[in-house]
Amino acid sequence: MTASILRFPVGRFALLAVCALAAVAAAEAWARHRTSHSRLAVAFERGPYRRILVVNPPTGDSGQARVTTNRWGMRGDDPPADWEAWDTWIAVGSSTTLCPYQDDARAWPSRLQARLRSKRPRTWIGNAGIDGVTAISLEAMLDRIVREAQPHGVLILPGGPEMAGELSDAGRRGNPYDDAFFRRLGHLSDRPPWRRRFGLGRLFDPGDPRFVPDSSGHKPCVPSPLSVPEGPLPSFDSLLPSLPAYRAHLHRMGALAKGIGLRAVFLTQPIGFGTDSAWAGREARVVRLFGRERHFSCATERRLRDAYNASLLQVCASDSLECFDLAARMSGDPRWFYDGSHFNDAGSDFAAASIADYLLSASPLSRPR
């Protein structure tokens, strides 16, 4: 029967067309597997395959910093195709995780990946940091993004923007970064552009290869002496009214991670300031709070950050969650920071080395499924 069909040009053409369609279908199935979860990029402000050249970065890096995203919209390498064969991690946090002004190779999640790969070559870390977001967004990130991606582990660095928001009347009225993140989450179910609806389209769509120049707008910050005396402070309950809600989000994040089957490692948030008299005489910020101008010293800001870190340690102890006290190793040492909270290049490398030592002390790196 087949031989008779092949005697006619139409029959040969039909057979070739069927073979070609089968090959395309197989390639499309492979490409869809290779580019699975690409729609997650909608949740990130920069989206997939963005390339930014930060001029005059404030982090101690000489020259310019290249900041790129992968197909999932995260910083870092594209996720491996043979996902289950790798130790896969997602780092979740705000700007101290994102490292928005550091070169790809110098951000601490990238440095951590490089250190872990020296011992376990098949290690991948996606940097899912989002500038300015608080614990309510990190909880949603675990529930909507990490749950779908199904890595083996998650690194959670919470507590940065919470304090900054509490210390001003404007910040207490809401967080635009959280609002923007939840708006993006609402678009996860939207139909993507045509070229990204197909696996082959996603596979061969690396985005615009050009780097877009961007000035960071940040400069290294050395706190100056207090311009006016700090004066008596309100109680910590008045200064940090959201601490109970923060603890509740931490409890839920821990429960979510356990429910998904992840190894979740919480990290305390370092700060460059100390608590001695020298830091008490330096100014961390001038804000309008409770209707009047207030000057906060670096020592006060350190004590407030310590309150968030203490809450994290307490929640982890009570819920049997894993927590690495990164702040205990870095806080109070300005060598690691370009401002009060953000790592310079030396700080990112020190943080990566500290976290790597902790993770490598446990075997396997990630909890088995």
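Predicted model: local features only at pLDDT ≥ 70, side-chain atom pairs only at ≥ 80, totals over all residues.

Reader: What makes strands E8 and E9 a pair?

Author: Pairing takes at least two bridges. Strand E8 (residues 283–289) and strand E9 (residues 292–297) are joined by six bridges, so they count as paired, and they run antiparallel. The hairpin of E8 and E9 has two residues between the strands, and Phe-290 takes a positive phi near 55° there.

Reader: OK, on to H11. How do you know how its span compares with the expected one?

Author: Helix H11 (residues 243–260) has 18 residues, and the expected value at 1.5 Å a residue is 26 Å. From its first C-alpha to its last, H11 reaches 26 Å, close to that expectation.

Reader: Why say that the buried residues of H11 line one face?

Author: Buried means under 20% relative accessible area, and the residues of H11 that are buried include Leu-243, Tyr-246, Met-253 and Ile-260. Looking down the axis, the buried residues of H11 fall within an arc of 160°, so they line one face. The face turned away from that side carries Pro-244 and Gly-259, which are exposed.

Reader: What do the buried residues of H11 pack against?

Author: Their partners are helix H5, strand E5, helix H6, strand E7 and helix H13.

Reader: And H4: which of its residues are buried, and why put them on the same side?

Author: Trp-108, Pro-109, Leu-112, Gln-113 and Leu-116 are the buried ones in H4. They cover an arc of only 145° around the axis, so they sit on the same side of H4.

Conventions. Residues numbered from 1 in each chain as written. Heavy atoms only, no water. Helix = DSSP H or I, 4+ residues; strand = E, 2+ residues; numbered from the N terminus. Expected span 1.5 Å × (residues − 1). Buried < 20%, exposed > 50% of the residue type's maximum accessible area, 1.4 Å probe, protein only. Arc of directions from axis to C-beta. Contact = heavy atoms within 4.5 Å.
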